[in-house]
Amino acid sequence: MQSKFLTLPTGDQTTAVVYLPKKVANTINKHYMGMSSADDIVAFLVKGGLVEHINWNHTAPDAYNGYTSEGETIATAILKAKLPEGTPYPPNPRKDGMFEMFTESTPVNVHLQNKKGETPYRLALTGDSVFLKQSLGKISQDCVSISKLLSSEWFPINPEIFKIIEPMKDSLQRAKFHSHSGFYNVLFSLEDNFIISENAFSIEGRENAEGVFYYEVFIQKAGNGNNTILKNFSETEVEDIQALIKQYCDNTLWHES
């Protein structure tokens, strides 16, 4: 039987090298070390695999927030799939439980539309799950203006996000900011009572495993698969984010086909 060496993390900043049968090593590499594509993730879940059995820390962003060979995102593919019987997330149905897990404990963006411009929210509207319709279609009510967001009466904003938003306050005069915008993130739209997957701009401050700060920017206008931007920016790329804000507020970001 063919065998191969496999390098595994031990959890204490070291690694262990083990020699295993090739088939076993390949299985461990896929499920312990992470998956390499959106197709792999969807196939695993559709066969009954559990969300928590995927090592998301070792799965590349292009896999969990990318597209399958059929142009689906993880979320849209699961919503369209026929899943196995059973309720591994009781008392919730399997699909509801999977989306709850996606939101609470994985980096999967459950609002990404597919290449056809179908958002998870719009697909959920065609199904029977009240939970999915409500969770994916939360309306941002009680929005605040840029002046209130930056005022002392509102929640403090992370200085790294403040330095992006504050210089753009003139462009953002028409923007409606989600009332839950706070220290680590801001979410806004040019529309009243907006839904995040339909037409919104999100900036979130994050840190990677090495403690390096970066910005995750998510912008989407539903209905056209080309109208989605999900990208990470370093602290030196503030002006690039500001350029996107200006285009969004000027309605020049998307080139409709």
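Visitor: Which residue follows α2, and what is its phi?

Guide: This is a predicted model, and in it α2 is followed by Gly48, whose phi is positive, near 110 degrees. The helix itself covers residues 38–46, and its buried residues are Ala38, Ile41, Val42, Phe44 and Leu45. Viewed down the axis of α2, these buried residues fall within an arc of 165 degrees, so they line one face of the helix.

A polar atom of the Thr59 side chain lies 3.0 Å from the backbone nitrogen of Met35.

To set this part within the whole, the secondary structure of the protein comes to ten helices and nine strands, and 46% of its 257 residues count as buried. The radius of gyration is 20 Å, which agrees with the value near 18 Å that a compact globule of 257 residues would have, while the C-alpha trace spans about 65 × 45 × 40 Å along its principal axes. Among contacts between residues at least 6 apart in sequence, 53% join residues at least 24 apart. As for the surface, the protein exposes about 14000 Å², of which carbon and sulfur atoms supply 50%.

Key. Residues are numbered from 1 along each chain as its sequence is written. This is a predicted model: local features need pLDDT of at least 70, side-chain atom pairs count only at pLDDT 80 or more; totals for chains, interfaces and linings use all residues. Side-chain values use heavy atoms; hydrogens and water are left out. Buried means under 20% relative accessible area, exposed over 50%, partly exposed in between (1.4 Å probe, protein chains only). Helices (H or I, at least four residues) and strands (E, at least two) are DSSP runs, numbered from the N terminus. The arc is that of the directions from the helix axis to the C-beta atoms. A polar contact is a pair of N or O atoms within 3.5 Å; within protein, one must be able to donate a hydrogen and the other to accept it, and residues adjacent in sequence count only if both atoms are side-chain atoms. The radius of gyration is taken over C-alpha atoms; the globule rule is 2.2 Å times the number of residues to the power 0.38. Contact means heavy atoms within 4.5 Å. Accessible areas come from the Shrake-Rupley method with a 1.4 Å probe; for residues, only the protein chains shown count as cover.
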